[in-house]
Amino acid sequence: MSNSQVQIFDTTLRDGEQVPGCKLNTEQKLVIAHQLDELGVDIIEAGFPVSSPGDFKSVEEIAKVVKHATVCGLSRSVKNDIKVAAEALQKAKNPRIHTGIGTSDSHIKYKFKSSQEKILEWAAEAVKYAKSFVEDVEFYAEDAGRTDNEYLARVCEAAIKAGATVLNIPDTTGYCLPHEYGEKIKYLKENVKGIDKAILSCHCHNDLGLATANSIEGVINGARQIECTINGIGERAGNTALEEVVMILKQHPYLKLDTNIKTEMLYGISQLVSDSMGIYTQPNKAIVGANAFAHSSGIHQDGVIKKRETYEIINPKDVGVTESAIVLTARSGRAALAYRAKKIGYDLTKLQLDEVYANFLAYADRKKEIEDNDIHEIIETSKVYKEIESHS
Ligand code: KIV
Ligand code: ZN
């Protein structure tokens, strides 16, 4: 793997599926896993095999059919979890066990009623045990975002010594600011013995709306894997959105960080996940929302019609959206109306447009959005219609 390559670890089927009401059956998971593999993700976290027989079966079936990506199963640092994950992954071409434990003071004190030293031993034992089943073992330090950096570095060192190939640094509660998360990754890069033997991974939650920014700071500071979900779905306010981090890296080539993602598939897979899970994507969602390439104010529409790049930094085709939309509302200008009218067969002169536009505004003040059938009606009831008709 070149040093500019960022691995995309998709956890839609594990962290994403933890969302209340988003449960998928094995068939649905297989369809999504297949699309993720086609999309070019490097790792698919297929589930948490010990959590239920259904999840075990899903991981097992996904492991059998995925052609390119590594298939990963989650476990706690519990022997039985690890063993069951290994069983579910038996048929995978490239299996990975993802095991770990909480490392923040709050997790150690309240969840485990334990001590830093005990947790350190526990982490190393879990990695060693996972390593007895598979070569590729990822270790997560849960709540790393609120874990003291010095202690976190010791945990990472112990995990590497025990054989971890990837170190996941989750901001489990979405608490970190981007510069703090970036500094954490940099600190680990500079202070963990043997760090070159492992890949650092960002796993950021979105409680403060910072998941994407934190993941990007993470890779700028040396992480080479991002854990993310389609549409950013996941626990509480969600995970890092795959489509966002991928497009940020693509649109900022000077960062010299690439992914293997076929970006033209992003819109389609977003719709697939949204439909399968019955979870609606907000219209203003970056990259894949219904309004991500829609322009409704007159000033913007005029610019986009003249040159798309005036108000768009992404070519919609690059993410699988056919074209930008010029939405007609009472805030739209003449340029937008003429553009949409032309699309449905009316080539208006300047004078004709003046009259049609006045009628359009009166209509648009009564109706939120003007559709093609409304444009027909507005034009056909205008005084200039006879003239327009004879020329079209
Ligand atoms: O958010 C988190 O800490 C997790 C771990 C289980 C990796 O999802
Ligand atoms: Zn998570």
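Me: A polar contact is a pair of N or O atoms within 3.5 Å. What makes the pairing of His205 with ligand 1 one of these in this predicted model?

Reply: A polar atom in the side chain of His205 lies 3.0 Å from an oxygen atom of ligand 1. That is within 3.5 Å, so the pair is a polar contact. Asp15 passes the test too, with a polar side-chain atom 3.1 Å from a ligand 1 oxygen, and an N or O atom in the side chain of His203 is also 3.1 Å from an oxygen atom of the ligand. Around ligand 1, the protein covers 93% of the 260 Å² of accessible area that the ligand has on its own.

Me: Where does ligand 1 sit, and which elements give two or more residues to its shell?

Reply: Ligand 1 is in the largest pocket. Strands β5 (136-142) and β6 (166-171) are the elements that give two or more residues to the shell.

Me: How do the residues of that shell divide by type?

Reply: There are 2 nonpolar, 5 polar and 3 charged residues. Tyr140 and Pro170 are in the shell, and they count as nonpolar because Tyr and Pro are on that list.

Technical notes
Residues are numbered from 1 along each chain as its sequence is written. Chains are lettered from A and ligands numbered from 1 in the order in which they are written. This is a predicted model: local features need pLDDT of at least 70, side-chain atom pairs count only at pLDDT 80 or more; totals for chains, interfaces and linings use all residues. Side-chain values use heavy atoms; hydrogens and water are left out. A residue is near a molecule or strand if one of its heavy atoms lies within 4 Å of it. A polar contact is a pair of N or O atoms within 3.5 Å; within protein, one must be able to donate a hydrogen and the other to accept it, and residues adjacent in sequence count only if both atoms are side-chain atoms. Accessible areas come from the Shrake-Rupley method with a 1.4 Å probe; for residues, only the protein chains shown count as cover. On a 1 Å grid over the protein atoms alone, a cavity is a set of points where a 1.4 Å probe fits but cannot get out, and a pocket is an open set with protein on both sides within 12 Å along at least five of seven lines; lining residues have an atom within 4 Å of a point. A molecule sits in a cavity or pocket if more than half of its atoms lie within 2 Å of its grid points. Helices (H or I, at least four residues) and strands (E, at least two) are DSSP runs, numbered from the N terminus.
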